Amino acid sequence: MTEAQFAELARLGVVIEKLRACGEVEQAIAFLKKANNLATQLLGQSHEAVLAGRSSLAFLYFERAEYEEALEALNENLTVARNRWGDESDIVGQTLANMRMVQSKRLDEAADQLDKLTDVGYIRAVGNGLRDRYEETRELNDLHLAIQAAERALRLAAPDAEDHAADLNTLAARLLDRYEHASHFDDLQTALPLLREALQLGNGEISSRIVFLSNLATALHYSFLVTGDRGELYEAIEASRQVAANDKRGHSLQLRLIFELVRRDKHDVSREDLEYAFKLVQRDAFISAARPKILCDICMSWLKISYGAQEGRRNDLDQAIIVATAAQSEASKVGNGVTPASLLLALALFEKHELAGGDETLERALALCSQNTDAVTTEGPWTVWLPFVWSRLGAFLSEAADQRNDIGLLDIAIIFFERACEADDNESSPPNDLSIALRKRYERTGRPDDLNRSVKLAEEALAIGAEQPEARNAIVNSLSSAFWYRYTRYYDPADLERGVPYPNDRCGIGGAGWIPLPSMGWRFGAAPDSLLWETQPISMRPLAFGIKRSH
């Protein structure tokens, strides 16, 4: 750069500052453009001085509310800065921040004049900008304005216009956004007919139809969660199936809706729901990876229906066995979920054996339990129901161990009870069940560690508590028995004292005033080394092992 050129740039800079100070912004812009052109010729467009000049030009345009020109200057700077310094550079970050400020100001001014705007294309652009800003800021007012823009575009555009269906969908989508934010059911009720009309008017393009169907499925799902109308959920699933048939992004939506259908904790699942879901899972090929989990959920819902059924329970269990067998097969194919599916199948078989008998059914259930004692993570998709399955299987195995005098089955029962305890530390039943099972094994083996664990677990179960008085009474009875068993081994008076301080008012149960005794109780008067064991429960007999309630 020659000295004369440098002097010319300096002179232009002085002129520009004076013009700005006098409020002559238009002339200042003209001189700044001249200075920037000269600097670009002398220094190159990526020089810091040139970038600073363009930023100053953008600021002057911003002051004059000429937002398109300001954004054009800043965008030129952004391109140069990215090429020279990369996306992570400070200058790129600052330029992007300036562009967002300009865009936001332009949006604010356009929104203020929304009811006066007549250019439908511009109204749509303003609405899109407000919606994008809402995504960044979560400011509900931006979403309100975006909805107003969509409504105005819909009113001003001709009903037979090519974009009419898209305008209907845009308004419905923004109403869904507001429902997700504010939960106003009126927004859902308004969005649903808009989406149905958009589908009817659609121009046949697959891409547009996929968007309309996806939004319709989402709206129907939300509405179902409020109304409980199964027709809406079924319609949502069918819409999601059409999306999934043309776009893999629809797969997750369809899976979510099927899970919603079969999970009994969400709503009262019917037999028809489960039959429909089973057909869907078998029919739609894309579900293969998720099929074991869905089938397991369907099986679990069949089991829960059977527990409360007055009629048709055997058919419910047969369906559970069919679905669990399919889940086991699918899990083997994908290499995931074999153990949970096998345990569910074992539970269904146990339940059927309890209802209808059958040695083959029982043997099959026992074999499945023996083959599937491996740990299963409860952080995955099996979290919801697996602790219940372990606990229930443990009870069946414990009973079978008693009937067959088979300590191997009792060992498996203990493993399952332990799994249930590890998975759910807020339930009193699993530790109490495990305590009883360990005590049974102690009777057979005399292992002191089983006895000590039995006492500890019964104390844990009592500390957790139980909602129902009868359940708490059973835990107290179990703890009393655990202390008594340990007393008979070590003759520690502390165990005898701790075994009897639980009067019935601690359990919330009225009665004659005597605490429950062990189901295998000690007959008063017998020496500890010559115990006379009762063959029947004596849980309420007023022997010396009971304590009279104080008043």
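Buried means under 20% relative accessible area, exposed means over 50%, and partly exposed lies in between (1.4 Å probe, protein chains only). The model is predicted, so local features need pLDDT of at least 70 and side-chain atom pairs count only at pLDDT 80 or more, while totals for chains, interfaces and linings use all residues. Residues are numbered from 1 along each chain as its sequence is written, and side-chain values use heavy atoms, with hydrogens and water left out.

**Exercise 1. Confidence**

Find the mean pLDDT of the chain, and the residues over which pLDDT stays under 50.

Solution. 
- Step 1. pLDDT is the predictor's confidence in each residue, from 0 to 100.
- Step 2. The chain has a mean pLDDT of 82, and 84% of its residues reach 70 or more.
- Step 3. Over residues 502-551 pLDDT stays under 50. For these residues the model has 91 contacts (heavy atoms within 4.5 Å) beyond four places in sequence.

**Exercise 2. Salt bridges within a helix**

State how many salt bridges there are, then describe the pairs R131 with E135 and K293 with D297.

Solution. 
- Step 1. A salt bridge is a side-chain nitrogen of Lys or Arg within 4 Å of a carboxyl oxygen of Asp or Glu. Side chains of opposite charge can pair when their charged atoms come close.
- Step 2. By this rule the count is 33 salt bridges.
- Step 3. Helices (H or I, at least four residues) and strands (E, at least two) are DSSP runs, numbered from the N terminus. R131 and E135 are both in helix α6 (residues 120-137), four residues apart, about one turn of the helix.
- Step 4. The closest N and O atoms of R131 and E135 are 2.8 Å apart. R131 is buried at 18% relative accessible area, whereas E135 is partly exposed at 42%.
- Step 5. K293 and D297 are likewise four residues apart, both in helix α14 (residues 291-308). Their closest N and O atoms are 2.3 Å apart.
- Step 6. K293 is buried, with 8% relative accessibility, and D297 is buried, with 4%.
- Step 7. An α-helix has 3.6 residues a turn, so residues three or four places apart point the same way.

**Exercise 3. A salt bridge between helices**

Which helices hold R392 and E354?

Solution. 
- Step 1. The side chains of R392 and E354 form a salt bridge, 3.8 Å from N to O.
- Step 2. R392 lies in helix α18 and E354 in helix α16 (residues 338-356), so the pair ties together parts that are 38 residues apart in sequence.
- Step 3. R392 is partly exposed at 27% relative accessibility, and E354 is partly exposed at 47%.
- Step 4. Elsewhere, salt bridges that share partners join D411, R441, R447, D449 and D450 into one network.

**Exercise 4. The surroundings of S306**

Is S306 buried or exposed, and what does its side chain reach?

Solution. 
- Step 1. S306 is in helix α14.
- Step 2. Its relative accessibility is 0%, so S306 counts as buried.
- Step 3. The side chain of S306 reaches the backbone oxygen of L303 at 2.5 Å.
- Step 4. Leaving out residues up to four places away in sequence, S306 touches R313, D316 and L317.

**Exercise 5. Helix lengths and packing**

Solution. 
- Step 1. After α20 comes G446, with a positive phi near 75°.
- Step 2. Just after α22, Y491 has a positive phi of about 55°.

**Exercise 6. Cysteines**

How many disulfides does a search of the whole structure find?

Solution. 
- Step 1. A disulfide is a pair of cysteine sulfur atoms within 2.5 Å.
- Step 2. The search finds zero disulfides.
- Step 3. C369 is buried at 0% relative accessible area, and C421 is buried at 19%.

Conventions
A polar contact is a pair of N or O atoms within 3.5 Å; within protein, one must be able to donate a hydrogen and the other to accept it, and residues adjacent in sequence count only if both atoms are side-chain atoms.
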